[in-house]
Structure formats: C-alpha cells, structure tokens
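Q: I would like to learn how to read a model of this kind, feature by feature. Could we go through the strands, the interior and the ligand site in turn?

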Amino acid sequence: MTEPEDTQQAEQPTRVRVTGDGPVVLARAADVAHVYRAAFCAPGSDEPASAVDRFRDEQLPAHTQRAGFRCALADRRGLLTGFAYGYTGEHGQWWTDHVAARVPPEVVEEWLGGHFELVELAVDPTHQRRGLGEELMTRLLEGLPHTRALLTTYRDDRPATRLYRRLGWKLLAEHALEGSDLYGVDLQK
Ligand SMILES: CC(C)(COP(=O)(O)OP(=O)(O)OC[C@H]1O[C@@H](n2cnc3c(N)ncnc32)[C@H](O)[C@@H]1OP(=O)(O)O)[C@@H](O)C(=O)NCCC(=O)NCCS
C-alpha cells in the first residue's frame, strides 16, 4: 500500500546545492530575495524593506559576477528555504578596504586579500533551528581553494554569531564595520 501523498511530502528532505554559476542564482533572485526579506526583516533583525530591493536589484547581480562567486541554495518541496554566498575578497573592493582601515595592521597583513568572503547567510524563519544554517555554511566552504575565510557579523549575541563560533570562526577584530565584528576561519585546518 502506498503512503498518502502528504506523508510522503512531509518526509521530503531539504536539498542543499552549491553552485558557482551566477546566472543560475540570478534566475532565482526573486526566491533569494524572499528568503532575505523573511530572515532580515523579521523582528530582531529589522532591516528596512528598502534593503531587500537594493539587495535583489543591485547587490546580488553585482556579486554574482565577482571572481570566486559561490552560492549554496537550500530547497524543500521546490521552495527556497535558505541560502549563503560569498566570493574572493580583494583589496580595492569596498568591504575589504573598509575593514582594512579599521582593524589592526597584523590582521590586514595575515587575513585580508585573496580570502573567501562570506557575504550573506539567511534561513527562512519557518525553517530555522533545524541545522540548515550550519549545513549551508559547511557546504559553501567545503573544498574551497582559499586558505582563509572572513565575515563581519553583529556584535551582540545572536543565532548567527553563535553559529559561526560553533563552526570554529574566531573573532579577529571588534568594530571592523559599523556595529559589526570581524571573524575568520583558517580553511587549511
Ligand atoms: C543565522 C541563521 C542563518 C541560522 O539559521 P538556522 O538554520 O536556524 O541555523 P541552525 O539550525 O544551524 O542553528 C541555529 C540554532 O538551532 C539549534 N538547532 C539546530 N538543529 C536543531 C534541532 N534539530 N532542534 C533544536 N535546535 C536545533 C542550534 O543549536 C542553534 O542554537 P543556538 O542559536 O542556540 O546556538 C538564521 O538565524 C537567520 O537567517 N538569521 C537572520 C539572518 C542573519 O542573521 N544572517 C547572518 C548575518 S551575518
């Protein structure tokens, strides 16, 4: 006897796919922006709605063209439930130059330039607290050719900060950007 359809659907696992193909990700820009809105405009994050439009129309198209672009997409029953992406960060780019101006010279020397820059990570709130954020991060960094990865994140204790620490990211410098600290991980270890 076959199981009822909704039971089968309930058991469908989340599938995480990693791609370096910018146009593939851009083809899903509306879904990615939907998850971005759900995660970042939720109470506690409180990004303005205008940030979502800027993300979808400017940031994402620009970043998909950067060298080393790589994105992890999580789907469940054909719906995007989370994503994470980054690219190769270099001096001369906005983020690297802003961070370099604010952190100690030894951090600049050792960590900045040619690093993998984790730019965004978001999981739809209805799918959070099931290990998806951890899986997206792990899959995104798996097998990267870079020796170091960097990110900036909130200064206060939040799910994102706890997740990065749990995965071995180290605090490298406080106040690396407004309201954010710089974290790094050695990918060779
Ligand atoms: C940060 C974020 C991506 C984490 O996503 P997530 O899928 O909930 O991540 P995980 O499930 O791997 O871990 C989150 C928590 O759930 C817990 N958890 C994981 N699996 C679980 C399970 N099966 N049962 C119960 N709890 C579980 C983890 O231990 C962790 O607990 P903690 O926050 O107390 O340390 C998500 O909170 C988010 O989108 N936040 C808003 C956007 C954001 O801040 N992005 C990062 C910007 S730098």
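A: Helices (H or I, at least four residues) and strands (E, at least two) are DSSP runs, numbered from the N terminus, and two strands pair if DSSP finds at least two bridges between them. This is a predicted model, in which local features need pLDDT of at least 70 and side-chain atom pairs count only at pLDDT 80 or more, while totals for chains, interfaces and linings use all residues. Residues are numbered from 1 along each chain as its sequence is written.

Q: In which sense do strands β6 and β7 run, and how many bridges join them?

A: Strand β6 (residues 170–177) and strand β7 (residues 180–186) run antiparallel and are joined by 4 bridges. Within this pairing, Ala173 stands opposite Leu182 in β7. The two strands form a hairpin with 2 residues between them, and Gly179 in the turn has a positive phi of about 75°.

Q: Which sense does the pairing of β5 and β7 take?

A: β5 and β7 also pair in the antiparallel sense, over 7 bridges, and Tyr154 stands opposite Ser180 in β7. As a general idea, the side chains in a regular strand alternate between the two faces of the sheet.

Q: How is burial judged, and why is β7 described as largely enclosed?

A: A residue is buried if 20 or more other C-beta atoms lie within 10 Å of its own, exposed if 12 or fewer, and partly exposed in between, with the C-beta atoms placed from the backbone. In β7, 5 of the 7 residues are buried, so the strand is largely enclosed by the rest of the structure. For the chain as a whole, 28% of the 189 residues count as buried.

Q: Is Leu151 buried or exposed, and which residues does Leu151 touch?

A: Leu151, in strand β5 (residues 148–154), is buried, because 25 other C-beta atoms lie within 10 Å. Two residues are in contact if their C-beta atoms, placed from the backbone, lie within 7 Å; not counting residues up to four places away in sequence, Leu151 touches Leu118, Tyr164 and Tyr183. The C-alpha atoms of Leu151 and Gly184 are separated by 6.5 Å, although these residues are 33 apart along the chain.

Q: What can be said of Val16, in strand β1?

A: Val16 lies in β1 (residues 15–19) and is partly exposed, with 19 other C-beta atoms within 10 Å. Leaving aside neighbours within four places in sequence, Val16 is in contact with Ala72, Ala74, Glu135, Leu136 and Arg139.

Q: Which residues have the most contacts inside the largest nonpolar core?

A: A nonpolar core is a set of buried Ala, Val, Leu, Ile, Met, Phe, Trp, Tyr and Cys residues joined through C-beta atoms within 7 Å. The largest one here has 38 residues, and those with the most contacts inside it are Val35, Ala72, Phe83, Ala84, Ala122, Leu136 and Leu182. Taking Ala84 as a case, and again not counting residues up to four places away in sequence, the residues it touches include Ala72, Leu118, Leu136 and Leu140.

Q: Which residues other than glycine have a positive phi, and where are they found?

A: One of them is Arg77, with a phi of about 50°, found in the loop between β2 (70–76) and β3 (79–89); Arg77 is exposed, with 11 other C-beta atoms within 10 Å. Another is His175, with phi near 55°, which is found in strand β6 and is partly exposed, with 13 other C-beta atoms within 10 Å.

Q: How many residues surround the ligand, and which element gives the largest share?

A: A residue is near a molecule if its C-beta atom, placed from the backbone, lies within 6 Å of it. Here 18 residues surround the ligand, the closest being Gln128, Gly133, Glu134, Ala160 and Arg162. The elements that give two or more residues to this shell are α3 (29–40), β4 (115–123), α7 (132–141) and α8 (159–166), with the largest share, 4 residues, coming from α8.
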